[in-house]
Amino acid sequence: DDQIERERASQRLSGGCCALAAVYLMGKFYVANAGDSRAIIIRNGEIIPMSREFTPETERQRLQFLAFLRPELLGKEFTHLEFPRRIQPKELGKKMLYRDQNMNGWAYKKIEEDDLKFPLIYGEGKKARVMATIGVTRGLGDHDLKVFSSNIHIKPFLSCSPEVRVYDLTQYEHCPDDVLVLGTDGLWDVTNDKEVASVVMEVLTSYEPNDPCRYTMVAQELVVRSRGVLKERGWRLANDKLGSGDDISVFVIPLGGPGNYT
């Protein structure tokens, strides 16, 4: 992340990205995630999560705590407190539910002038944004990203530190159908873990266990099904729901060893 910042001037590059990495070292997989991509292991039909998404909702307390410690980062335009909805000027002096960086539940407070500011985290689910700007809270780059029509930088809230999970391959016997699936949010926005596991098993069983292309075909099928088919009303899935409009990158990595390919 520091290198991206140093090179942004010389390379004249802006923007950023999430990062999901898997490293195999001495019998163990180390999976590091910074952003909203996801990794799962499918072993004997069982789904084992190897990451979690970092979004404004999942990291609410970290974001609020940083804003509480450094209120200057909010540019006098935002409040670090969270309310169930936007506060209206006519509600000054009334009581409303709120929560701060120390709270999991909600409590009541009397509405003050500062509470009328725009919330640090706005929206819910996939529409949640930090300062109404970005929907992820960890990633690389984006050093120049600012709130629209302002000089307020987003980067202090966007952490490049990944969460790392470890999987010990030596603790289990793995068959050729056991895999690690890595996918960007374009896959997971429209496909859940169980659906991905179902596609994995469906495609793998249609190929011989020693066929090396079977894993590539699983990844391809996951991408195709998540994108859907182009119809008059846009890209649609088999159930007629909207297909993914985001980028879709998928890796399917076998855990059962290289095999004896012929």
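# Legends to the close-up views

**View 1. Contact of helices α4 and α5.**
In α4, residues Val196, Val199, Val200, Glu202, Val203 and Leu204 meet Arg214, Tyr215, Met217, Val218, Glu221, Leu222 and Arg225 of α5; contact means heavy atoms within 4.5 Å. The residues of this contact comprise 9 nonpolar, no polar and 4 charged ones. Here Ala, Val, Leu, Ile, Met, Phe, Trp, Tyr, Cys and Pro count as nonpolar, Asp, Glu, Lys and Arg as charged, and the others, Gly among them, as polar. This is a predicted model, in which local features need pLDDT of at least 70 and side-chain atom pairs count only at pLDDT 80 or more, while totals for chains, interfaces and linings use all residues. Residues are numbered from 1 along each chain as its sequence is written, and side-chain values use heavy atoms, with hydrogens and water left out.

The crossing of α4 past α5 is right-handed. A crossing is right-handed if the near helix is turned clockwise from the far one by less than a right angle, and left-handed if anticlockwise.

**View 2. Met26 and Asn44 in their loops.**
Met26 lies in the loop between β2 (19-25) and β3 (28-34), and Asn44 in the loop between β4 (38-43) and β5 (46-49). Helices (H or I, at least four residues) and strands (E, at least two) are DSSP runs, numbered from the N terminus. Most residues other than glycine have a negative phi. Met26, which is not a glycine, has a positive phi near 55°, and Asn44, also not a glycine, has a positive phi of about 55°. Met26 counts as exposed at 79% relative accessibility, and Asn44 counts as exposed at 72%. Buried means under 20% relative accessible area, exposed over 50%, and partly exposed in between (1.4 Å probe, protein chains only).

**View 3. Cys17 and Cys18.**
The whole structure has 0 disulfides, a disulfide being a pair of cysteine sulfur atoms within 2.5 Å. Cys17 is in no disulfide, and the nearest cysteine sulfur to its own, that of Cys18, is 7.0 Å away. That separation of the Cys18 sulfur from Cys17 is too far for a bond. Cys17 is partly exposed, with a relative accessible area of 45%, and Cys18 is partly exposed as well, at 27%.

Leu66 counts as buried, with 19% relative accessibility. Residues up to four places away in sequence aside, Leu66 touches Leu73, Pro156 and Phe157. Gly93 is 27 residues from Leu66 along the chain, and the C-alpha atoms of the two are separated by 27 Å.

**Setting of the views in the chain.**
The chain has 5 helices and 17 strands, and 40% of its 262 residues count as buried. Its C-alpha atoms fill a box of roughly 75 × 45 × 40 Å along the principal axes. Of the contacts between residues at least 6 apart in sequence, 59% join residues at least 24 apart.
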